[in-house]
Amino acid sequence: MELINWQDFEKIEMRTGTIIEANDFPKARNPAYQLLIDFGPEIGMKRSSAQITRLYQKEELIGKQIIAVVNFPPKQIANFISECLVLGVVGDEKEVTLLQPGKPVQNGQRIA
């Protein structure tokens, strides 16, 4: 594991957001959903491809608050541009459990 310093950590913009849409992503190499996430008025809406299909049905994702890195450059995944990285815990069998605030918070709040 490579160590980072405080200045490196401060560059990472992790923010809270609420999933507004979740759609199937059949062109993805690995099973994934296309998400539209509301990060509040400062950041706005961002799209993400998330490999979370093993533990979540797309219908249950709507309205769920998540934590994501919002300052990565856009990344093309098949025919989709992913604008943020939704964070989760990767299990032993590569299943992803979403990181979520313990209580409801405003969209766009920074994680520290």
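Why are Trp 6 and Phe 9 separated by about one helical turn? Here are some friendly notes on this predicted model, starting with that pair.

1. The helix pair. Trp 6 and Phe 9 both sit in helix H1, which covers residues 6–10, and because they are 3 residues apart there, about one helical turn lies between them. A search through the whole structure gives 2 aromatic pairs. In one of them, Trp 6 and Phe 9 come together in a tilted arrangement, with 5.3 Å from centre to centre and 40° between the planes.

2. Trp 6 has a relative accessible area of 56%, so it is exposed. Phe 9 comes out at 26% relative accessibility and is therefore partly exposed.

3. The sheet. Moving on to the strands, you will find an open sheet of 5 strands, paired antiparallel in the order S3-S2-S1-S4-S7. Strand S3 (45–50) and S7 are at its edges; each has a single partner strand, so one side of each lacks a neighbour in the sheet.

4. Pairings on either side of S4. Strand S1 (residues 14–24) runs antiparallel to S4, and 5 bridges join them. Within this pairing, Thr 16 has Ile 67 of S4 as its bridge partner. S4 also pairs with strand S7 (residues 85–86), again in the antiparallel sense, over 2 bridges.

5. Burial of S4. Is strand S4 enclosed or open? In S4 (residues 65–69), 5 of the 5 residues are buried, so the strand is largely enclosed by the rest of the structure. In a regular strand, side chains alternate between the two faces of the sheet. Gln 65, Ile 67 and Val 69 point one way from S4, while Ile 66 and Ala 68 point the other way, and all of them are buried.

6. S1 with S2. These two strands are paired antiparallel over 6 bridges. Ala 22 is found opposite Leu 35 of S2.

7. A residue to look at in S2. Gln 34 belongs to strand S2, residues 33–38. Its relative accessibility is 18%, so Gln 34 counts as buried. Leaving aside residues up to four places away in sequence, Gln 34 touches Glu 21, Ala 22, Asn 23, Asp 24, Phe 25, Ser 48, Asn 79 and Phe 80. One of these contacts, Ala 22, is the residue that stands opposite Leu 35 in S2.

Definitions and conventions: Residues are numbered from 1 along each chain as its sequence is written. This is a predicted model: local features need pLDDT of at least 70, side-chain atom pairs count only at pLDDT 80 or more; totals for chains, interfaces and linings use all residues. Side-chain values use heavy atoms; hydrogens and water are left out. Helices (H or I, at least four residues) and strands (E, at least two) are DSSP runs, numbered from the N terminus. Buried means under 20% relative accessible area, exposed over 50%, partly exposed in between (1.4 Å probe, protein chains only). Contact means heavy atoms within 4.5 Å. Rings of Phe, Tyr and Trp (its six-membered ring) pair if their centres lie within 6.5 Å; planes under 30 degrees apart count as stacked, over 60 as edge-to-face and the rest as tilted. Two strands pair if DSSP finds at least two bridges between them.
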